[in-house]
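Hi,

Here is the structure I promised to send over.

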Amino acid sequence: MKKMVRDALIYVLVTGAIWGIISIVSPAKGLLVGEVAYGAFTKAVEIIIAVFIIIGLIQVWVGPQTLSKLLGKEAGWKGLALASTVPIFIGGSLFTIFPLLKTLRDKGASIACVMAFITAWAGKAPLLPLEIEFLGWKFAVLRISLIIPFAVVMGLLSQFVLEKWQDRHPAVIKASPK
Amino acid sequence: MRIGPIYLAIAFILLILSAVKDIRKTKLALKASGKIALTVFPVLFLIFILMGVVSAFVSKETIASWLGSGSGVLGILIGEIVGSFALIQPAAVFPFAGVLRDRGASYGPILGFVMTAILIGVSTLPLEIKLFGKHFTLTRNVLTFILVFLIGIIFMLIL
């Protein structure tokens, strides 16, 4: 928590410094920067607060742990199908989902499942309102509908590549460090 | 029409439903939301200022020539490379991509930027290597880069 507050302060100070320097060198540009930033802020702030509340709710009601239980049990096609769809609806960053997937992998989930999971997670359904607001609904709909095939292909292809690689160098898959 | 208030209303309705069902879990959810807000808002402040900087200092012509429709598939590659090195929160990816679009970037390069910004992180490489090994990491990042390129072409053709 302390670290979070400290990081937050660093971001605010660095950003303030950037803006301050620009404003001193050229007040007109500084004003323009402020206008654009303020415009983006007012456009996004309500959506972002709504998204944060919903992500918080998702985390407690369908937490990553629930998902890993679900995915850990299912193998084969069913596992891949789940791994390519369900993660679209969860939040978090790579820093939070990597450790979760490590646990999943240690419990026996296939490489295809893990790869598909990471890819599908980029669908980012909780952020959909932001995506529609800034990039339009056509972009958002096309991106989310391509995520599932992308995740399936990614899972199968990377499993294939890693297995071929292992045939030549037996240490490839098993040599995951502790 | 502004849709922000509608989303807010939906979020609050869900929050109330959750509180009715389990007040303890709902408190945990709010705590989680607060933590996310504390992490993301300062980053968003930086991103919003950077959006201003891009608007003030990078001309429309520059962005259009690098990422616009004339840039073709090379634009997708540039978008992907920028996204791979961008150290930004997923929540900040879309507003930033919006500025790029407003300043003349076309949808293929924007897709490349958005997907790699979420999926490929130079900052997360050490963790990925530590947890899954370097072969896994190399395979995932390279294949992601290639597949995103193909999806970028689809975007370029359709949108």
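Chain A has a mean pLDDT of 86, with 90% of its residues at 70 or more; pLDDT is the predictor's confidence in each residue, from 0 to 100. This is a predicted model, in which local features need pLDDT of at least 70 and side-chain atom pairs count only at pLDDT 80 or more, while totals for chains, interfaces and linings use all residues. Residues are numbered from 1 along each chain as its sequence is written, and chains are lettered from A and ligands numbered from 1 in the order in which they are written.

Within chain A, confidence is lowest in helix H3 (residues 64–73), at a mean of 67, and highest in helix H8 (residues 137–168), at 94. Helices here are DSSP runs (H or I, at least four residues), numbered from the N terminus.

Now for the contact between the chains. Chain A and chain B each bring 65 residues to it, counting two residues as in contact if their C-beta atoms, placed from the backbone, lie within 7 Å. On the chain A side, H2(A) gives the most, with 23 residues. That side has 50 nonpolar, 8 polar and 7 charged residues (nonpolar: Ala, Val, Leu, Ile, Met, Phe, Trp, Tyr, Cys and Pro; charged: Asp, Glu, Lys and Arg; polar: the others, Gly among them).

Chain B divides into domain 1 (1–57) and domain 2 (59–159), with bounds from an automatic or database domain assignment. Their C-alpha centres lie 25 Å apart.

Best wishes

Note on methods
Helix = DSSP H or I, 4+ residues; strand = E, 2+ residues; numbered from the N terminus.
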